[in-house]
Amino acid sequence: MSLYQRIACLSTEAVETLYALGAEDCIAGISGYTTRPARAREEKIKISGFSSAKIDRILAVEPDLVIGYSNMQAEMCRELISAGIEVHVFNQHTLAGILRMIAVLANLVDKQEQGAQLIATLQAQIDLVQQQAAQWTRRPKVYFEEWNEPLMSGIGWVSELIDLAGGDDIFSDLAQHHSARQRIIADPAEVIRRAPDIIIGSWCGKKFRPETVLERDGWRQIPACQHAMVAEIKSADILSPGPSAILHGLPQLHQLIGIWQSKYTDDLS
């Protein structure tokens with residue numbers, strides 16, 4: 001029997017992970033941003049956005065536990081705690097943190113064996129990509145854009161995934177910051193100066209438009225723009241700090257870097 005029977009998930013990765021553990025019956029409500037698995041949107045009640053929610057809507061599903069994520073949900077969680085609800089807030093910003101989150105969730109729903117299996121699957125994916133990337137002799141410089149107004153670079157686990165996939169994150173110096181505001185690129189010309197070979201857009205909540213990147217002042221001189229290496233990885237595939245970042249985001253990063261490697265090899269021949 002699970003330690004908790006009615007879990008309200010305020011973040012998408014908690015939903016994805018609980019389904020992957022076979023603990024979906026414990027889920028009483030989900031974030032409206034949930035995309036994985038697709039059936040969750042049909043099977044579960046949507047109770048919140050990401051940083052906003054009507055507390056009564058969460059309380060209406062009678063949760064015995066609420067799972068939240070990051071300081072962005074601090075106020076919601078404070079209100080829930082004041083209402084007498086048990087709350088667990090994760091704050092993972094690294095790949096190690098993602099794996100730790102899975103282990104903790106597995107314990108909370110008495111699915112330790114399934115949790116260990118899921119972690120092993122994710123670690124195998126990481127190891128495979130890392131081994132393949134190690135065969136390349138040159139690493140492209142990668143600019144990952146999480147938002148466009150203002151420009152914002154990628155968070156910690158994204159930077160780690162870029163490194164694993166065979167690239168170098170040109171703003172790895174900013175990736176350590178948990179706060180999005182601290183990852184704002186104040187001067188767009190700094191991207192030009194760092195001259196990325198690949199530009200990846202993943203605008204959280206809206207479609208990335210590569211053509212707008214080319215229209216930015218001076219950006220056509222960037223190698224990525226000159227060689228048509230501007231692409232999108234959907235935010236649901238990489239910006240949710242759960243299994244999808246490793247199972248879906250990492251392979252796409254690796255594929256894009258592989259395409260660049262082929263182009264680079266062709267240019268040399």
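These legends accompany several close-up views of one predicted model. Residues are numbered from 1 along each chain as its sequence is written, and side-chain values use heavy atoms, with hydrogens and water left out. Because the model is predicted, local features need pLDDT of at least 70 and side-chain atom pairs count only at pLDDT 80 or more, while totals for chains, interfaces and linings use all residues.

**View 1. Helix α4 and its buried side.**
Let us start with α4, which spans residues 74-82 and has M76, C77 and L80 as its buried residues. Buried means under 20% relative accessible area, exposed over 50%, and partly exposed in between (1.4 Å probe, protein chains only). Helices (H or I, at least four residues) and strands (E, at least two) are DSSP runs, numbered from the N terminus. The buried residues M76, C77 and L80 lie on the same side of α4 because they cover an arc of only 95° around the axis, an arc taken from the directions from the helix axis to the C-beta atoms. An α-helix has 3.6 residues a turn, so residues three or four places apart point the same way. The face turned away from the buried side carries the exposed residues I81 and S82. Cover for the buried residues of α4 includes α3 (55-59), β4 (65-69) and β5 (87-90), where contact means heavy atoms within 4.5 Å. After α4 comes G84, with a positive phi near 90°.

The buried ones are G156, W157, V158, S159, L161, I162, L164 and A165. Just after α7, G166 has a positive phi of about 110°.

**View 2. The largest pocket.**
This view looks at the largest pocket, which holds about 1,100 Å³ of space. Its lining has 39 residues, and the closest to the pocket centre are F50, E146, C204, L239 and S240. On a 1 Å grid over the protein atoms alone, a pocket is an open set of points where a 1.4 Å probe fits, with protein on both sides within 12 Å along at least five of seven lines; lining residues have an atom within 4 Å of a point. Grid points are joined across faces, edges and corners, and the volume is the space filled by probe spheres set on the points. At least two lining residues come from each of α1 (12-20), β6 (141-148) and α12 (235-238), and α1 gives the largest share, 3 residues.

**View 3. Salt bridges.**
Now for the charged pairs: the count comes to 15 salt bridges, each a side-chain nitrogen of Lys or Arg within 4 Å of a carboxyl oxygen of Asp or Glu. In one of them, E43 pairs with R39, and their closest N and O atoms are 2.8 Å apart. E43 is partly exposed at 42% relative accessible area, and R39 is partly exposed at 38%. D168 and R139 form another salt bridge, 2.9 Å from N to O. This pair links distant parts of the chain, 29 residues apart, with D168 in strand β8 (residues 168-169) and R139 in the loop between α6 (112-133) and β6. R209 and E211 also meet in a salt bridge, at 3.0 Å from N to O. A network of salt bridges links D173, D187, E190, R193 and R194.

**View 4. Ser48 in strand β3.**
S48 sits in strand β3 (residues 46-48) and is buried, with a relative accessible area of 10%. Leaving aside residues up to four places away in sequence, S48 touches C9, L10, I30, S31, G32 and A53.

**View 5. Backbone geometry to look out for.**
Most residues other than glycine have a negative phi, and most peptide bonds are trans. The peptide bond from R36 to P37 is cis, with omega near -15°, and P37 lies in the loop between β2 (27-31) and α2 (40-43). E149 and P150 are also joined by a cis peptide bond, with omega about 0°; P150 is in the loop between β6 and β7 (151-153). A195, which is not a glycine, has a positive phi near 45° and belongs to the loop between α9 (189-194) and β9 (198-201). A228 is not a glycine either, yet its phi is positive at about 55°. This residue, A228, lies in the loop between α11 (223-226) and β10 (230-232) and counts as exposed at 58% relative accessibility.
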